2 protein chains.
Amino acid sequence: MTGRLHPSGTVLGAVLLSAAIVAWSDEPLTMAGVMEAAAPTDWRRIDQADLMYVDLPHGRVVIEVAPAFAPMHVANVRTLTSQKYFDGLAVLRSQDNYVVQWGDPDADEDDARRFGAAAANLAPEFFRAASGLEMTVLDSADAYADSVGYVQGFPAGRDEGRAWLTHCYGMVGVARGSAADSGNGAQLYVVIGHAPRHLDRNVTMLGRVVHGMQQLSTLPRGSGSLGFYESGEERTSIVSVRFGDQIPAADRLALEALRTDTATFSDLIEARRTRLEDWFIDPAGHIGLCNVPLPVRVAP
Amino acid sequence: MTGRLHPSGTVLGAVLLSAAIVAWSDEPLTMAGVMEAAAPTDWRRIDQADLMYVDLPHGRVVIEVAPAFAPMHVANVRTLTSQKYFDGLAVLRSQDNYVVQWGDPDADEDDARRFGAAAANLAPEFFRAASGLEMTVLDSADAYADSVGYVQGFPAGRDEGRAWLTHCYGMVGVARGSAADSGNGAQLYVVIGHAPRHLDRNVTMLGRVVHGMQQLSTLPRGSGSLGFYESGEERTSIVSVRFGDQIPAADRLALEALRTDTATFSDLIEARRTRLEDWFIDPAGHIGLCNVPLPVRVAP
C-alpha cells in the first residue's frame, strides 16, 4: 500500500469514500489497505496512568480508562488499586451474551470499611456534558441514540446536551445496586456479548478492554442466577489490579491506539461499511456503532 | 401475574404498550411479568427433526434449524449427519467477538469424496422471497436493514422483495469460500460476539443455538489468524452431530420456544423496550433487533 488514499496528505471527506473510489485507485479501500497506509502519527501512545492491568492466574487483561467521561470513578478505582483492594478478590459472574463481573465475593453493606481512602458512594457519571468533546460522528441508524460516534477512542452516544459511553463489546462499567450512587468501582463488569445498549446512561462506564479480552470472555459461565458463580471453586481469583504508573516499567505493555479523530479512522469506517473485499457478494453499505474496529497494537 | 395485560384475550397493539400502561395495571410490564403471564399455547414444541444435537466432549449444543430459509442446506446437513460425517471432526476456529466454526480440519478440494450422498456445492440461500412469511416487525431503527423483526422464532431482515436471517448472537451460518456456491454445510459457524450484520445476505444462515451456547462461546480462542486453531491439541473434537429424529428418544431434549407471532412476544418486546424495572433510572425506550430475547425452555 502507498499513500494513494491521501496523495497529498489531505483529509478525504466522507463524500469521496464511496464505491466510486475504486475507479480512482489501483485497489479498493479495504481495512487491510487502510491500516497499511496509516501514518505513525495516526497512532497515540496510551498513557500508562490510563491503563489498568488486571492480572489473572491464566493471563493479563488491560483496560484503557476514560477519565474524560468518569473522572471520579476512575480516581476512586485508582485509590482502590493503590490500596491493593482487588488483590485476592475474584471474578464473581459470567453470564453468557451479557457480562463478566469482578470484585469482592463477600461484599455486603459493611464493606465501606475496606475501601479505606476510596469513597463508598459516588455521584453517578452516567453521562457528561456533550460540550467540550470532539466526536467523530458515525453516519448510521442507531436503535438507541440520536447520534453516535467515537470520542478519544471510545464508542459514544450523544443527544442535544449529553454524551455517554456506550455498551459495546469489551466496554467496562461500574456495577451498582438500585440507588444511582451505589456504584463506586469496587465491582466492575465487561460486556462479553451483543451490546446491551439499554444499560447506556444507567451505569457509569469507565473504560474499554484493549488487551487480553479473551481472558474474560472465555471464562466458564456461572451456574447461578444471572451467571453468578455459586462457590469459591467456580470463581477465578484476581492476582492484582494496578494502573501502569503503579507497576515497574518492565511489567508494562506499551500500547498504541489508532486515533479516532483522523482521516485514517474515517477511512477505516468507510472500508468496513463498503466491504469491497472479494469475498463479499452483497456488501452491506451500512455499519453499526459497535461494529467498527478500534485498533490497538503493541508499540512497534 | 394475572391476565391483566390481556383482560379479554385480545391482542394488545403497540399503541397500548407505552409507559401509560403502568397506570392501568397493578404492576409495570416487565419481562418477568410477561413470561409469568404466558399461556401454554404461547409456546411451541420444537420438532425433533429441526433440532441438531452437537455433542462435544464437555457438553451438548442444540441448534434449531430454519428450513423455511435454507431448505437445501438443512437437507444437506441432514444427509451429512446421517452419514456420521461430523463425528470425530473438530471445532476449527474460535475468534473473539466473532465466530466459532467447526468441520473437517483436513478439508481441501478433494473432500467431495467424503460427502457421500451430500452435495459438495449448493446454490446459495442467502435470502428468500419475503412473500409467504409472516414477520413480527420490530419498531426500531436498524443500521443494516430497512425492516427487521422475527419469523418463526428467528431474527430476520426484510426489504421489498427479500427476507433473510440476521447474524445475531447464537445464529448459525454456513461457512463458504469466495464462490457463492462454495458452502454446503460441512463447515458451520455460530456468532459469539456483537452481531456481525455485514455478513447478512452473504452467507446462508440455517439456524440458531437454543441450548448449550456456552459450550461454544467459552472455547479458548484460537492462536492463529482469524482465530483458527493451529494444532490438533488446540482443537476440541466433535463426538457426534445428529438431528433429533436420528437419535433414541431417551437422548433427546424436549424444547419449547416462545412463539414470536403472539401477543405475549409483542409484550415481551415492549417490556424490554421500556424497562420499567426499578433498577433502571433512565429507561432506554428503544430496543435493537438482536437485543430481544427469544426464550426457549425445557418442556414442563
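1. Lining make-up of the second largest pocket. In this predicted model, the lining residues of that pocket divide into 31 nonpolar, ten polar and eight charged. The lining counts 49 residues in total. The pocket's volume is about 1600 Å³.

2. Centre of the pocket. Which residues lie nearest the centre of the second largest pocket? They are Arg272(A), Gln95(B), Asp96(B), Asn97(B) and Tyr98(B).

3. Strands in the lining. Three strands each supply at least two lining residues: E13 (205–211) and E17 (296–298) of chain A, and E5 (99–103) of chain B. E13(A) gives the most, with four residues.

4. Position of Asn184(A). Turn now to a single side chain. Asn184(A) sits in a loop of chain A, between strand E11 (171–174) and strand E12 (188–191). Is Asn184(A) buried or exposed? Its relative accessible area is 8%, so Asn184(A) counts as buried, the cut-off being under 20%.

5. Polar partners of Asn184(A). Two backbone atoms lie by its side chain. The backbone oxygen of Ala120(A) is 2.8 Å from a polar atom of the Asn184(A) side chain. The backbone nitrogen of Ala186(A) is also 2.8 Å from a polar atom of that side chain.

6. Neighbours within four places in sequence are set aside here. Asn184(A) then contacts His73(A), Asn76(A), Leu80(A), Phe115(A), Ala119(A), Ala120(A), Leu122(A) and Val174(A).

How values were computed
Residues numbered from 1 in each chain as written. Chains lettered and ligands numbered in written order. Predicted model: local features only at pLDDT ≥ 70, side-chain atom pairs only at ≥ 80, totals over all residues. Heavy atoms only, no water. Buried < 20%, exposed > 50% of the residue type's maximum accessible area, 1.4 Å probe, protein only. Polar contact = N/O pair within 3.5 Å; in protein donor to acceptor, adjacent residues only side chain to side chain. Contact = heavy atoms within 4.5 Å. 1 Å grid on protein atoms, 1.4 Å probe; cavity = no way out; pocket = protein on both sides within 12 Å on 5 of 7 lines; lining within 4 Å. Points joined across faces, edges and corners; volume = space filled by probe spheres on them. Nonpolar A, V, L, I, M, F, W, Y, C, P; charged D, E, K, R; others polar.
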